[in-house]
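The following paragraphs guide the reader through a predicted model. They turn to a ligand site and then to a sheet.

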Amino acid sequence: MRSLFRAIKFAFQDIFRNFSLSLMTVLILVLMLLSVNTLVVIKFFTSQATQSIKDQIDVSIFFAHTATDEEIAEVQSFIKSFPEVSNVQYLSKEQVLEKFKEQYSDNENIIASLEELDENPLGSTMIVKTRNPGDYNKLIEALSVPEYEDIVVAKTFVDTELAIERINNITTQVERFSVILTGLFGVIAFLIIFNTIRVAIFTQRVEITIKKLVGATNWFIRSPYIIESFIFTAISVAITYFLMRFAAGLIDPYVAVVFKKDWLLTNYISSNIMMLVGSQFVVVLLLTIFSSFLAMRRHLKA
Amino acid sequence: MINLEGVTKRYNKQSTALEDIHLNVEPGEFVSIVGQSGSGKTTLVKLIIAEERATSGKVSIGDWDITRIPYRHVPLLRRQIGVIFQDFKLLDKKTIYENVAFALQVSGESGARIRTVIPRLLEIVGLPHKKNSYPHELSGGEQQRVAIARALVHRPKILVADEPTGNLDSINTQEIIEILKKINEFGTTVVLVTHNREVVNQMKRRVVTLDKGRLISDVKEGKYRL
Ligand SMILES: Nc1ncnc2c1ncn2[C@@H]1O[C@H](COP(=O)(O)OP(=O)(O)OP(=O)(O)O)[C@@H](O)[C@H]1O
Ligand SMILES: [Mg+2]
């Protein structure tokens, strides 16, 4: 207990009496954390982008004008039985007509010719979304059977097939790229932390040998450094977090224009605060402690 | 008190620092170790405080055989032997008071005890008014006195000094030697490594001479002869 108290006291003395070095260490840790977090944000944006493109893709199933309600209900329950299907929206003949009129409200010819018919010429429509763009093929195939030939007149899927394939390609490329980038950043982060700590320890090498000569145990010498690692990590993670929040506040208005969602980044950061702050704190802390052990080992001998 | 039996220290194939040294220092003795540069004096000190290990032979302190002392016991040994060096080896980011206190903190002494012991020690070496200064604000002689105060915190039975006056002028040298004498008078065994002819001659105590790693003379009331 007494030695813990002393270790804390020594840690704070060390930080303040080597103030410029402490400042430098925190600065480097913050820069390192900021670059890692930039990567996190980029990953978040790409996943948002692909998600919003995926969301825009759907399959429209056009029913024949003559299809009965029972037949439509059967197809609908058949579609819903697929686990891949995430959403089914049904538009009745009347709703389709309404939409159609709305869409062509400034084209008098079309409206006039529609009025002339006493019966609604349009069939009902079903808009189906699946969880993954790749699932659309399966759905289309399942519907292309003789029993449904007379009920389903068209499926718009064919037009978007290429786009879906391209998105799938891009998504896997981005994922592969970000795995490589994450690995690379991890290595860089480790080297930066290790080197920063090594420099800090190296400036203290004379102190360490003197402490040994007057009878300090290795733990007595190490414990203030462990506490310093803790303090430096806490400060850098906190600074990084507030900088991220601040930057998110600045960027979000522009993000809102692209994704049509307000405070997207700010919300992402605050709803993932435990993951972001917690994991980075633990990783950086372990890295700094590990580095200081490694850097000190040589000076602690004899 | 300090006993070396046939001790040889070889750093590597080219350099043998000490060869077959037999040396016994009795409790309460004041021994000067002299010898030319490179004769192995510092190596001898390092063996006594377990900073280096003997290649062969046996080193013991009291009845403690430290020839192969495990690393985890080294701090215990260092708390029983006071050491001072030519370059003082003070912690330059700590004040004078903190430097001396550190040597007590390493063994987990209570704050209350530290607060009573340190002022008394600074009194003995004549530096109570400098307790809040940093080492670089002190003269060489003053820094060495701080180092002596630090060496004495555990009331060691042995004090080892490796050229403690090597960086000091003659007045400061005299002062340091007087302090060492006084410490010896109170019963502490003192081993003094020195180059200083005057110091050795005025002492009229035992002198051990090393030459190229060998012990070539050991005289009860010796003079500096090189
Ligand atoms: N760490 C080491 N590695 C290799 N050789 C060493 C080492 N330390 C000392 N030596 C060698 O051992 C011999 C004795 O060195 P030592 O430092 O004991 O001499 P010294 O008597 O203290 O000299 P000085 O009066 O200059 O301080 C020298 O030849 C030196 O080169
Ligand atoms: Mg020497």
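A polar contact is here a pair of N or O atoms within 3.5 Å. By that criterion, an oxygen atom of ligand 1 makes such a contact with B:Gly38, since a polar backbone atom of this residue is 2.8 Å away. An oxygen atom of ligand 1 also lies 3.0 Å from a backbone N or O atom of B:Gly40. The side chain of B:Ser15 takes part as well, with an N or O atom 3.3 Å from a nitrogen atom of the ligand. Of the 630 Å² of accessible area that ligand 1 has on its own, the protein covers 62%.

The surroundings of ligand 1 comprise 14 residues, and the closest are B:Ser37, B:Gly38, B:Lys41, B:Thr42 and B:Thr43. Helix H1 of chain B, residues 41-48, supplies the largest share of the shell, with 3 residues.

In chain A, 4 strands form an open sheet with antiparallel pairing, in the order S2-S3-S1-S4. Strands S2 (85-91) and S4 (152-155) of chain A each have a single partner strand, so one side of each is left without a neighbour in the sheet. On average, neighbouring strands are turned by 20° against each other, direction ignored.

Within this sheet, 6 bridges join S2(A) to the antiparallel strand S3 of chain A, residues 125-130. A:Val88 stands opposite A:Val128 in S3(A). Helix H4 of chain A (residues 93-103) packs on the sheet, touching S2 and S3 of chain A, and its direction makes about 80° with that of S2(A). Helix H6 of chain A (residues 136-143) also packs there, touching S1, S2, S3 and S4 of chain A, with its direction at about 140° to that of S3(A).

Notes. Residues are numbered from 1 along each chain as its sequence is written. Chains are lettered from A and ligands numbered from 1 in the order in which they are written. This is a predicted model: local features need pLDDT of at least 70, side-chain atom pairs count only at pLDDT 80 or more; totals for chains, interfaces and linings use all residues. Side-chain values use heavy atoms; hydrogens and water are left out. Two strands pair if DSSP finds at least two bridges between them. Helices (H or I, at least four residues) and strands (E, at least two) are DSSP runs, numbered from the N terminus. Axes are lines fitted to C-alpha atoms, for helices over the stretch in contact, and angles run from 0 to 180 degrees between N-to-C directions. Contact means heavy atoms within 4.5 Å. A residue is near a molecule or strand if one of its heavy atoms lies within 4 Å of it. A polar contact is a pair of N or O atoms within 3.5 Å; within protein, one must be able to donate a hydrogen and the other to accept it, and residues adjacent in sequence count only if both atoms are side-chain atoms. Accessible areas come from the Shrake-Rupley method with a 1.4 Å probe; for residues, only the protein chains shown count as cover.
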